[in-house]
Amino acid sequence: MWHRLIDLWTHNRYLLIAFVVAICLSVFFSARAISQFVYWADPARQDQTLAGWMTPRYVGKSYDIPPEIIQEAFDLQQDGNPRRISLDKLSEEKGISLNDMQSQLDVTVARWRAEQGMLNE
Amino acid sequence: MTDLILTLAADYGVPLLFSVTFLSCLALPVPSSLLMLASGGFAAAGDLSLAAVAVAAFGGAVIGDNLGYWIARRFGPHLTRWLATRPRRAAMRDRSQAFMQKWGGSSVFFSCWLVAPLGPYVNYVSGLTSFSWPRFALWGMAGEVVWVGLYVGLGFLFADNITAISALLSSISGFLVALVVAVGLGFWLVHVSKARERKRAAQ
(Lines give C-alpha, C1' and ligand atoms only; values in the text may rest on other atoms or scores of the structure.)
Protein backbone atom coordinates (compact mmCIF):
# COMPACT_ATOMS: atom_id res chain seq x y z
CA MET A 1 0.00 0.00 0.00
CA TRP A 2 2.59 2.58 1.17
CA HIS A 3 5.25 1.63 -1.32
CA ARG A 4 2.65 1.99 -4.06
CA LEU A 5 1.63 5.44 -2.84
CA ILE A 6 5.25 6.58 -2.69
CA ASP A 7 5.81 5.15 -6.15
CA LEU A 8 2.78 7.07 -7.47
CA TRP A 9 3.87 10.26 -5.70
CA THR A 10 7.26 10.00 -7.46
CA HIS A 11 5.97 9.14 -10.93
CA ASN A 12 2.33 10.32 -11.22
CA ARG A 13 2.19 13.22 -8.80
CA TYR A 14 -0.48 15.28 -10.60
CA LEU A 15 -2.73 12.28 -11.14
CA LEU A 16 -2.48 11.42 -7.44
CA ILE A 17 -3.26 15.03 -6.40
CA ALA A 18 -6.28 15.09 -8.74
CA PHE A 19 -7.48 11.83 -7.16
CA VAL A 20 -7.19 13.23 -3.62
CA VAL A 21 -8.97 16.45 -4.68
CA ALA A 22 -11.82 14.42 -6.21
CA ILE A 23 -12.17 12.43 -2.95
CA CYS A 24 -12.25 15.66 -0.91
CA LEU A 25 -14.87 17.15 -3.24
CA SER A 26 -17.13 14.14 -2.94
CA VAL A 27 -16.89 14.30 0.87
CA PHE A 28 -17.64 18.04 0.74
CA PHE A 29 -20.68 17.65 -1.55
CA SER A 30 -22.14 14.78 0.45
CA ALA A 31 -21.80 16.77 3.69
CA ARG A 32 -23.44 19.76 2.00
CA ALA A 33 -26.33 17.64 0.70
CA ILE A 34 -26.98 16.27 4.20
CA SER A 35 -26.89 19.69 5.84
CA GLN A 36 -29.22 21.13 3.17
CA PHE A 37 -31.62 18.26 3.63
CA VAL A 38 -31.73 18.80 7.40
CA TYR A 39 -32.11 22.57 6.95
CA TRP A 40 -35.01 22.43 4.49
CA ALA A 41 -36.80 19.53 6.18
CA ASP A 42 -37.73 21.94 8.99
CA PRO A 43 -41.41 22.89 8.40
CA ALA A 44 -40.73 26.42 9.70
CA ARG A 45 -38.75 27.05 6.51
CA GLN A 46 -41.48 25.97 4.11
CA ASP A 47 -42.76 29.47 3.26
CA GLN A 48 -40.15 30.81 0.88
CA THR A 49 -39.17 34.45 1.19
CA LEU A 50 -40.43 36.32 -1.88
CA ALA A 51 -37.90 36.63 -4.67
CA GLY A 52 -38.05 38.61 -7.90
CA TRP A 53 -38.21 35.48 -10.06
CA MET A 54 -41.41 34.12 -8.52
CA THR A 55 -44.79 34.52 -10.19
CA PRO A 56 -47.96 35.26 -8.18
CA ARG A 57 -49.27 31.77 -8.87
CA TYR A 58 -45.96 30.26 -7.80
CA VAL A 59 -46.19 32.17 -4.51
CA GLY A 60 -49.71 30.75 -4.07
CA LYS A 61 -48.29 27.27 -4.58
CA SER A 62 -45.39 27.80 -2.17
CA TYR A 63 -47.57 29.27 0.60
CA ASP A 64 -50.38 26.84 -0.17
CA ILE A 65 -53.06 29.53 -0.41
CA PRO A 66 -55.93 29.97 -2.93
CA PRO A 67 -55.69 32.41 -5.88
CA GLU A 68 -58.06 34.96 -4.30
CA ILE A 69 -55.74 35.46 -1.35
CA ILE A 70 -52.80 36.05 -3.70
CA GLN A 71 -54.87 38.51 -5.73
CA GLU A 72 -55.80 40.31 -2.56
CA ALA A 73 -52.26 40.37 -1.16
CA PHE A 74 -50.73 41.69 -4.37
CA ASP A 75 -53.71 43.86 -5.26
CA LEU A 76 -54.22 42.17 -8.65
CA GLN A 77 -57.28 42.61 -10.85
CA GLN A 78 -59.90 40.10 -9.84
CA ASP A 79 -61.48 39.77 -13.28
CA GLY A 80 -58.53 40.09 -15.63
CA ASN A 81 -56.82 37.08 -17.14
CA PRO A 82 -54.22 35.74 -14.73
CA ARG A 83 -50.81 36.48 -16.19
CA ARG A 84 -47.44 34.86 -15.91
CA ILE A 85 -45.40 37.74 -14.57
CA SER A 86 -42.32 37.86 -12.36
CA LEU A 87 -42.61 39.71 -9.05
CA ASP A 88 -39.74 41.92 -10.28
CA LYS A 89 -41.94 43.20 -13.12
CA LEU A 90 -45.01 43.38 -10.90
CA SER A 91 -43.24 45.47 -8.28
CA GLU A 92 -42.02 47.78 -11.05
CA GLU A 93 -45.53 48.17 -12.48
CA LYS A 94 -47.13 48.78 -9.11
CA GLY A 95 -44.30 50.88 -7.76
CA ILE A 96 -43.99 48.91 -4.53
CA SER A 97 -40.85 47.23 -3.30
CA LEU A 98 -40.50 43.50 -2.83
CA ASN A 99 -40.17 44.06 0.92
CA ASP A 100 -43.53 45.83 1.05
CA MET A 101 -45.06 43.03 -1.01
CA GLN A 102 -43.68 40.56 1.51
CA SER A 103 -45.26 42.40 4.46
CA GLN A 104 -48.62 42.68 2.65
CA LEU A 105 -48.45 38.98 1.87
CA ASP A 106 -47.53 38.02 5.44
CA VAL A 107 -50.48 39.99 6.84
CA THR A 108 -52.98 38.57 4.33
CA VAL A 109 -51.73 35.01 4.71
CA ALA A 110 -51.72 35.19 8.52
CA ARG A 111 -55.31 36.47 8.49
CA TRP A 112 -56.44 33.81 6.01
CA ARG A 113 -54.76 31.02 7.98
CA ALA A 114 -56.39 32.26 11.19
CA GLU A 115 -59.81 32.22 9.47
CA GLN A 116 -59.17 28.71 8.19
CA GLY A 117 -58.20 27.61 11.68
CA MET A 118 -61.47 28.99 13.06
CA LEU A 119 -63.47 27.27 10.31
CA ASN A 120 -61.88 23.95 11.13
CA GLU A 121 -62.58 24.17 14.84
CA MET B 1 -26.96 34.38 -11.74
CA THR B 2 -29.50 32.00 -10.22
CA ASP B 3 -32.04 34.75 -9.64
CA LEU B 4 -31.46 36.21 -13.08
CA ILE B 5 -32.09 32.92 -14.86
CA LEU B 6 -35.19 32.27 -12.74
CA THR B 7 -36.61 35.72 -13.52
CA LEU B 8 -36.02 35.03 -17.20
CA ALA B 9 -37.86 31.71 -16.74
CA ALA B 10 -40.90 33.53 -15.37
CA ASP B 11 -40.83 36.05 -18.21
CA TYR B 12 -39.86 33.88 -21.20
CA GLY B 13 -40.96 30.38 -20.17
CA VAL B 14 -40.73 27.53 -22.65
CA PRO B 15 -38.54 29.05 -25.44
CA LEU B 16 -35.90 29.95 -22.85
CA LEU B 17 -35.92 26.39 -21.48
CA PHE B 18 -35.40 24.98 -24.98
CA SER B 19 -32.43 27.29 -25.65
CA VAL B 20 -30.81 26.60 -22.29
CA THR B 21 -30.96 22.78 -22.45
CA PHE B 22 -29.69 23.03 -26.04
CA LEU B 23 -26.70 25.18 -25.03
CA SER B 24 -25.90 23.11 -21.95
CA CYS B 25 -25.53 19.97 -24.09
CA LEU B 26 -22.80 21.79 -26.03
CA ALA B 27 -20.84 22.36 -22.76
CA LEU B 28 -21.85 26.01 -22.36
CA PRO B 29 -22.09 26.90 -18.67
CA VAL B 30 -25.83 27.58 -18.37
CA PRO B 31 -27.88 26.39 -15.37
CA SER B 32 -30.11 23.92 -17.20
CA SER B 33 -30.94 21.75 -14.16
CA LEU B 34 -32.14 24.74 -12.16
CA LEU B 35 -34.23 25.97 -15.07
CA MET B 36 -35.87 22.56 -15.55
CA LEU B 37 -36.73 22.44 -11.85
CA ALA B 38 -38.18 25.96 -11.97
CA SER B 39 -40.15 25.26 -15.15
CA GLY B 40 -41.55 22.12 -13.51
CA GLY B 41 -42.51 24.27 -10.53
CA PHE B 42 -44.17 26.88 -12.73
CA ALA B 43 -46.06 24.07 -14.48
CA ALA B 44 -47.34 22.83 -11.12
CA ALA B 45 -48.45 26.38 -10.25
CA GLY B 46 -50.30 26.64 -13.58
CA ASP B 47 -48.04 29.24 -15.19
CA LEU B 48 -46.64 26.90 -17.88
CA SER B 49 -47.94 23.78 -19.59
CA LEU B 50 -46.22 20.63 -18.30
CA ALA B 51 -46.28 18.97 -21.74
CA ALA B 52 -44.71 22.02 -23.40
CA VAL B 53 -42.02 22.17 -20.71
CA ALA B 54 -41.15 18.48 -21.13
CA VAL B 55 -41.08 18.63 -24.93
CA ALA B 56 -38.98 21.81 -25.02
CA ALA B 57 -36.41 20.53 -22.51
CA PHE B 58 -36.16 17.15 -24.27
CA GLY B 59 -36.00 18.69 -27.76
CA GLY B 60 -33.30 21.18 -26.79
CA ALA B 61 -31.22 18.48 -25.10
CA VAL B 62 -31.43 15.95 -27.94
CA ILE B 63 -30.67 18.52 -30.65
CA GLY B 64 -27.75 19.84 -28.57
CA ASP B 65 -26.32 16.35 -28.00
CA ASN B 66 -26.45 15.43 -31.66
CA LEU B 67 -25.03 18.75 -32.81
CA GLY B 68 -22.10 18.26 -30.41
CA TYR B 69 -21.56 14.76 -31.76
CA TRP B 70 -21.58 15.88 -35.40
CA ILE B 71 -19.33 18.88 -34.79
CA ALA B 72 -16.76 16.55 -33.20
CA ARG B 73 -17.20 13.93 -35.92
CA ARG B 74 -16.90 16.47 -38.73
CA PHE B 75 -13.97 18.47 -37.35
CA GLY B 76 -12.49 15.65 -35.28
CA PRO B 77 -10.26 14.18 -38.03
CA HIS B 78 -8.06 17.28 -37.95
CA LEU B 79 -7.57 16.74 -34.25
CA THR B 80 -7.09 12.99 -34.71
CA ARG B 81 -4.28 13.62 -37.19
CA TRP B 82 -2.63 15.91 -34.65
CA LEU B 83 -3.12 13.26 -31.96
CA ALA B 84 -1.45 10.68 -34.18
CA THR B 85 1.76 12.73 -34.51
CA ARG B 86 2.96 11.71 -31.04
CA PRO B 87 2.96 8.11 -29.79
CA ARG B 88 1.57 9.01 -26.35
CA ARG B 89 -1.33 10.96 -27.86
CA ALA B 90 -2.00 8.20 -30.36
CA ALA B 91 -2.11 5.67 -27.53
CA MET B 92 -4.62 7.86 -25.70
CA ARG B 93 -6.79 8.06 -28.81
CA ASP B 94 -6.69 4.28 -29.28
CA ARG B 95 -7.57 3.73 -25.64
CA SER B 96 -10.58 6.05 -25.82
CA GLN B 97 -11.70 4.36 -29.03
CA ALA B 98 -11.49 0.95 -27.37
CA PHE B 99 -13.29 2.30 -24.31
CA MET B 100 -16.13 3.70 -26.43
CA GLN B 101 -16.44 0.41 -28.36
CA LYS B 102 -16.90 -1.41 -25.09
CA TRP B 103 -18.71 1.10 -22.87
CA GLY B 104 -20.03 3.69 -25.35
CA GLY B 105 -23.76 3.04 -24.97
CA SER B 106 -23.85 3.14 -21.19
CA SER B 107 -21.41 6.09 -21.06
CA VAL B 108 -23.71 8.10 -23.29
CA PHE B 109 -26.79 7.06 -21.32
CA PHE B 110 -25.48 7.82 -17.83
CA SER B 111 -23.66 10.98 -18.83
CA CYS B 112 -26.99 12.42 -19.98
CA TRP B 113 -28.48 12.44 -16.52
CA LEU B 114 -26.60 10.76 -13.65
CA VAL B 115 -23.40 12.72 -14.21
CA ALA B 116 -24.93 15.35 -16.49
CA PRO B 117 -22.03 17.85 -16.14
CA LEU B 118 -19.86 15.31 -18.02
CA GLY B 119 -22.47 14.82 -20.77
CA PRO B 120 -21.25 17.32 -23.38
CA TYR B 121 -17.71 15.92 -23.24
CA VAL B 122 -18.97 12.38 -23.76
CA ASN B 123 -20.86 13.71 -26.82
CA TYR B 124 -17.66 15.20 -28.21
CA VAL B 125 -15.63 12.06 -27.48
CA SER B 126 -18.33 9.94 -29.16
CA GLY B 127 -18.12 12.04 -32.32
CA LEU B 128 -14.34 12.18 -32.19
CA THR B 129 -13.97 8.40 -31.95
CA SER B 130 -16.63 7.91 -34.69
CA PHE B 131 -18.84 5.94 -32.31
CA SER B 132 -21.87 4.57 -34.20
CA TRP B 133 -24.38 7.39 -34.60
CA PRO B 134 -27.60 5.33 -34.30
CA ARG B 135 -26.34 3.87 -31.03
CA PHE B 136 -25.31 7.31 -29.80
CA ALA B 137 -28.65 8.84 -30.74
CA LEU B 138 -30.75 6.09 -29.15
CA TRP B 139 -28.81 5.91 -25.88
CA GLY B 140 -28.72 9.69 -25.78
CA MET B 141 -32.48 10.01 -26.19
CA ALA B 142 -33.08 7.39 -23.51
CA GLY B 143 -30.76 9.31 -21.18
CA GLU B 144 -32.42 12.65 -21.90
CA VAL B 145 -35.86 11.17 -21.16
CA VAL B 146 -34.55 10.29 -17.69
CA TRP B 147 -32.80 13.67 -17.25
CA VAL B 148 -35.81 15.74 -18.26
CA GLY B 149 -38.26 13.47 -16.45
CA LEU B 150 -36.22 13.60 -13.27
CA TYR B 151 -35.66 17.36 -13.08
CA VAL B 152 -38.98 18.58 -14.47
CA GLY B 153 -40.75 15.90 -12.40
CA LEU B 154 -38.97 16.88 -9.17
CA GLY B 155 -39.67 20.55 -9.89
CA PHE B 156 -43.33 19.71 -10.40
CA LEU B 157 -43.54 17.59 -7.24
CA PHE B 158 -41.57 19.91 -4.98
CA ALA B 159 -42.93 23.11 -6.49
CA ASP B 160 -43.54 24.65 -3.08
CA ASN B 161 -39.82 25.03 -2.57
CA ILE B 162 -37.75 25.17 -5.75
CA THR B 163 -34.88 26.88 -3.93
CA ALA B 164 -34.48 23.96 -1.53
CA ILE B 165 -34.75 21.19 -4.09
CA SER B 166 -32.35 22.88 -6.51
CA ALA B 167 -29.72 23.44 -3.79
CA LEU B 168 -30.03 19.83 -2.68
CA LEU B 169 -29.87 18.40 -6.21
CA SER B 170 -26.84 20.48 -7.12
CA SER B 171 -24.99 19.03 -4.12
CA ILE B 172 -26.05 15.49 -5.00
CA SER B 173 -24.98 16.01 -8.61
CA GLY B 174 -21.64 17.50 -7.48
CA PHE B 175 -21.13 14.48 -5.23
CA LEU B 176 -21.84 12.00 -8.03
CA VAL B 177 -19.52 13.75 -10.49
CA ALA B 178 -16.69 13.94 -7.93
CA LEU B 179 -17.23 10.28 -7.06
CA VAL B 180 -17.18 9.12 -10.70
CA VAL B 181 -14.02 11.17 -11.33
CA ALA B 182 -12.40 9.76 -8.15
CA VAL B 183 -13.23 6.17 -9.09
CA GLY B 184 -11.95 6.72 -12.65
CA LEU B 185 -8.70 8.26 -11.42
CA GLY B 186 -8.37 5.51 -8.82
CA PHE B 187 -8.53 2.80 -11.48
CA TRP B 188 -6.06 4.71 -13.61
CA LEU B 189 -3.60 5.06 -10.68
CA VAL B 190 -3.79 1.36 -9.83
CA HIS B 191 -3.33 0.51 -13.50
CA VAL B 192 -0.19 2.64 -14.02
CA SER B 193 1.29 1.53 -10.72
CA LYS B 194 0.84 -2.16 -11.53
CA ALA B 195 2.18 -1.68 -15.04
CA ARG B 196 5.33 -0.10 -13.62
CA GLU B 197 5.74 -2.95 -11.15
CA ARG B 198 5.50 -5.54 -13.92
CA LYS B 199 8.04 -3.63 -15.97
CA ARG B 200 10.44 -3.56 -13.02
CA ALA B 201 9.93 -7.27 -12.36
CA ALA B 202 10.67 -8.05 -15.99
CA GLN B 203 13.94 -6.12 -15.94
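A:Lys89 is partly exposed, at a relative accessible area of 39%. Here buried means under 20% relative accessible area, exposed over 50%, and partly exposed in between, with a 1.4 Å probe and protein chains only. This is a predicted model: local features need pLDDT of at least 70, side-chain atom pairs count only at pLDDT 80 or more, and totals for chains, interfaces and linings use all residues. Residues are numbered from 1 along each chain as its sequence is written, chains are lettered from A and ligands numbered from 1 in the order in which they are written, and side-chain values use heavy atoms, leaving out hydrogens and water.

A:Lys89 has a partner in chain B. Its side chain meets that of B:Asp11 in a salt bridge, 3.6 Å from N to O. A salt bridge is a side-chain nitrogen of Lys or Arg within 4 Å of a carboxyl oxygen of Asp or Glu. The pair crosses between chains, from helix H1 (residues 2-24) of chain B, which holds B:Asp11, to helix H5 (residues 87-94) of chain A, which holds A:Lys89. Helices (H or I, at least four residues) and strands (E, at least two) are DSSP runs, numbered from the N terminus. B:Asp11 counts as partly exposed, at 21% relative accessibility.

Over all chains, the structure holds seven salt bridges.

| Salt bridge | Distance |
|---|---|
| A:Arg111 and A:Glu72 | 2.9 Å |
| A:Arg111 and A:Glu115 | 3.4 Å |
| B:Asp11 and A:Lys89 | 3.6 Å |

Now take A:Arg111. A:Arg111 forms a salt bridge with A:Glu72. That pair links distant parts of the chain: A:Arg111 sits in helix H6 (residues 98-120) of chain A, A:Glu72 in helix H4 (residues 67-74) of chain A, and 39 residues separate them. A:Arg111 counts as partly exposed, at 39% relative accessibility. A:Glu72 is partly exposed too, at 39%.

A:Arg111 also forms a salt bridge with A:Glu115. Both lie in helix H6 of chain A, four residues apart, or about one turn of the helix. A:Glu115 is partly exposed, with a relative accessible area of 36%. Elsewhere, salt bridges that share partners join A:Asp7, B:Arg196 and B:Arg200 into one network.

Last, the domains. Chain A is divided into domain 1 (2-41) and domain 2 (45-116), with bounds from an automatic or database domain assignment. The C-alpha centres of these two domains of chain A lie 44 Å apart.
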